[in-house]
Amino acid sequence: MHRLPTSFVGRRREIAALHRIFADSQLVSIVGPGGSGKSRLAAHMAEAIGDVSPDGAWWVELHTLTTGQSVLSTICATLGLREQQGVSDTERLRSFATMHKAIVVLDNCEHVLESCADVLAELLTVRSELRFLVTSREPLGVAGETAWQMPAMELPPRSAALSEVIAFDAVRLFIDRARSASPSFRLDSFNVEAVVQICSRLDGLPMAVELAAAQSAALGPHELLAALDHSLGLLTRGGRGRRDRHRTMWASVEWSVALLDDNERLLLRCLAAFHGSFSLQGVRWLCRGGPLEGPSTLPVLASLVHKSLVSVEARGDQRRYRLLEVTRQYAEEQLHESGDAETILSRHLAYTVEMVENDPVSAGSPEGLAGWLKALDHERGNLRPALDFALRKRPSDAVRLIAGALGVFFGIRGYFTEGRRYFTDALAVADSAPGTLRARAYAASAYLAFVSGDIRTATEHAHIAEFAARQAGDLRAVARALEVLGGIESTRDPAGAHRHLTESAELARQVDDPWCLVQALGHIALAWSAQSELEQARAGLAAVEAIIEQYGSNQFLVCWHYLVISIVELRGGDLTAAAAAATRGAGLAAALGDPVCRAQIAVHSTEIDIRRGLLREAGRGLAEFDAESRRYGRSPFVTMFVDVALGKHASAAGELGRSRDHFEAAAVMARRSFRVGLEGDIALELADIAVLQGRSTEARLLLDTVDRCARALDNRWMSACADLLRAAVARMDGDVNKAREMVCSALAVYRDGGHPLEAISGLERLAGIYVAEGDSLRGARLFGAATAARRSLGARRTSLDRLRWRADRVQLLAALDRAELRAALSEGGGLTLANAIAYALRGRGPRAQGAGSWAGLTSTELLIARLVADGHTNPEIAQRIFVSRATVKTHLARIFIKTGVSNRAELAAEVVRRSVSDI
């Protein structure tokens, strides 16, 4: 039996898979390239199976053989079968098979494949309990064979922690062999990243990892990594105990290539242009104009796959191909020696440019945007080499490469650092490019900078793009530049955003750019939501939905559309609709691999779940997303949103110190990225914490920040939220009248803006003020109304809410007996939210055209009131005035609030009572 010269490391999954296969198969072939660890795994398997087989395991080494006859003789000799006069080797093997229960390993069959196939085909016809394990670079192709592809060793992600890295086989192998060469070697936080990169650089190929680790006596991991960046020749030095074939990596590759025909060698050289995986379409591009163009390409590629020089990966219903890096570097050296390098690399560049020039909406993929992103993800390793070649040889093509949709790809996928490097390098030569190309390149760069949170660069590049595009007469580039500028302004200057976005949308329609149009209209809706103008935001969302329906939802960033819907519905108090939109958006964002959208949805999902009383579920989902985003590395921009979500959750759980830490960390990035709306929201959260902790001076300073943000956004909702907290500060100062005035002011805004959840908070705060003033019955009624309103909206109190109103409720219980309290709570619970607000404001604070004021009705509201009086239903009214049923319902709610009526019957009676001129 073959004994391993060094310890066997890892491969638990592979061992389990082979045991399952052997349960049903008599002949298993481990197929893979040289150096992939086939022999080691086969030896380990043979030892394990041999231990439970009566006749053990037998190892037949074939690497030195060249003739078919030698295969039979060698097998017989290894099995100890003596030659018998008149008995052929085949007969002796058949006889052995019938009398033994064992496993026989035939190692390194590729160069005597046909002979091995003949021998085993014969033996499989014998009724026996003999099993065969074969290692080869291609399958035998005999009936009854199970061919199993040998995978590379599992590699950790570069961002994995030290404690996680050592669980991966490639790293464990490196450590084991490095310690053999240098017993003092230890994996630590200083060298772990270099070791991971070495293993990745070598594709987890065991022989390459072993040869690299063997140099640890002379070189540390960082030095070894630097050497690998230049040449793999370093791996040629091996120990004296190694067989010649294993002393050099080049020898392993050369030995495989020597068996190829001329066409196979030619294609292998061409494939060196690819870095990472590649498609059949890409291979055909490289073969254009050459002897392998057309139908010749696939058979030659299939032959290289069959001979394990090219590996094949199933990606859904598509196949991707790959050269191991060792093989690719050998083929690249051969390509440059052939003199064809520039021709092949030019074709590779042309192929890459064509891939990225398509906008997602016109990419032609049946899967739409997701399919386009996936396809480009597969080709990601080819982008940098193509750009480097273009920078050296064809600068205008370097600009063309980034002027397409590459910014969208990097932005959605969250490859911000990588993307910025690409754009920085290409923009350095952009001045020499044609005006349209330059404009589009800067517009793409602006988009990438915007979604990555680099607002300064985004603004600068968008202005450059707009100027260059107007000069070149490129309306499409103008529209895209304005869309970025409008997106930037949507959360800090909505008025300015509307100007930019309206022009962007108009131009996008002119040039038929639906991608830009959807983005512009979506940001218009976001700008309205930033101002808490929910009806206008809904109108913008409806416009987006119309375009999405026309072109197909799979072509656009629909996840962002659902994000805005969740924001609007949350502000509008429809927690069910908000949760559904957030869930849909999160799923789509995850499918697209969009970390920024996922992070923003995490913020709103957390708040929605908290309001629905799902604190534990919110925490679990948030913890999973936090861990996942850390594992794959996340930008400070994404971290900002995660901190906001974590802060909201900690606050709701009553962990105010932890909550404050998260919010303060997020506030720094919010200011740095000019997210005025988010800055204001964070300041509100911190002010609330300051109030609860009794720090009134700090709360006032934070509320000044909220006021500044609210004025910049013209956001009355944010101002009203600040007023509620100012009321709490006024109570702390003993100024109850001012507190009541501030709450009433906020309630009027919430009533008129359609913000029921915040209105409930206002009722509870006002209830506490009445209790403090001694009007306990009025306070109890408002608490009852707030509880009923929460129940109707599906909202629940959090630990923070209970902490906030605990003192007021204790005072209320002391002031009223049980019967009085129950009656007052019941009376309040019988009020609708609109009537409760009217009751709260009656005779107190600004009425702002409150209950009973018909003069405050708009022309649309007057028309709806008349139609109600005429007996029309909501669907009929919607059809007559060309709005949605939901809009009619919203208008009716406002009519009820403004006029003081409680239902349709009262409204109809009041319209009839008044003359048309009166109303």
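In what do the side chains of Arg611 and Glu758 meet, and at what N to O distance?

Analyst: The side chains of Arg611 and Glu758 meet in a salt bridge, with 3.9 Å from N to O. Arg611 belongs to helix 30 (residues 595-611) and Glu758 to helix 38 (residues 756-773), so this pair ties together parts that lie 147 residues apart in sequence. The model is a predicted one, in which local features need pLDDT of at least 70 and side-chain atom pairs count only at pLDDT 80 or more, while totals for chains, interfaces and linings use all residues. Residues are numbered from 1 along each chain as its sequence is written, and side-chain values use heavy atoms, with hydrogens and water left out.

A salt bridge here is a side-chain nitrogen of Lys or Arg within 4 Å of a carboxyl oxygen of Asp or Glu. Side chains of opposite charge can pair when their charged atoms come close. Helices (H or I, at least four residues) and strands (E, at least two) are DSSP runs numbered from the N terminus. Glu758 counts as buried because its relative accessible area is 6%, where buried means under 20%, exposed over 50% and partly exposed in between (1.4 Å probe, protein chains only).

Arg726 and Asp704 join their side chains in a salt bridge at 3.5 Å, N to O. Arg726 sits in helix 36 (residues 716-732) and Asp704 in helix 35 (residues 696-713), and this pair links distant parts of the chain, 22 residues apart. Asp704 is partly exposed, at 44% relative accessible area. Arg611 and Glu758 are themselves part of one network, in which salt bridges that share partners join them with Arg571, Glu607, Lys648 and Glu685.

Asp397 is buried, with a relative accessible area of 17%, whereas Arg400 is partly exposed at 30%. The whole structure holds 49 salt bridges.

Helix 38, the element that carries Glu758, also takes part in an open space. The second largest pocket has a volume of about 1400 Å³. Its lining has 46 residues, and Gly572, Pro756, Lys889, Thr890 and Ala893 lie nearest the centre of the pocket. Elements that give two or more residues to this lining include helix 28 (558-571), helix 29 (575-592), helix 37 (736-753), helix 38 and helix 45 (885-899). Helix 45 supplies the largest share, 9 residues. By class, the pocket lining has 24 nonpolar, 14 polar and 8 charged residues; Ala, Val, Leu, Ile, Met, Phe, Trp, Tyr, Cys and Pro count as nonpolar, Asp, Glu, Lys and Arg as charged, and the others, Gly among them, as polar.

Pockets and cavities are found on a 1 Å grid over the protein atoms alone: a cavity is a set of points where a 1.4 Å probe fits but cannot get out, a pocket is an open set with protein on both sides within 12 Å along at least five of seven lines, and lining residues have an atom within 4 Å of a point. Grid points are joined across faces, edges and corners, and a volume is the space filled by probe spheres set on the points.

There are 6 cavities of 30 Å³ or more by this rule. The second largest cavity has a volume of about 190 Å³. It is lined by 17 residues, of which Val408, Ala443, Ala444, Tyr447 and Arg480 are closest to its centre. At least two lining residues come from each of helix 20 (406-413), helix 22 (435-451), helix 24 (475-489) and helix 26 (514-530). Helix 24 gives the most to this cavity lining, 5 residues. The cavity lining divides into 10 nonpolar, 2 polar and 5 charged residues.
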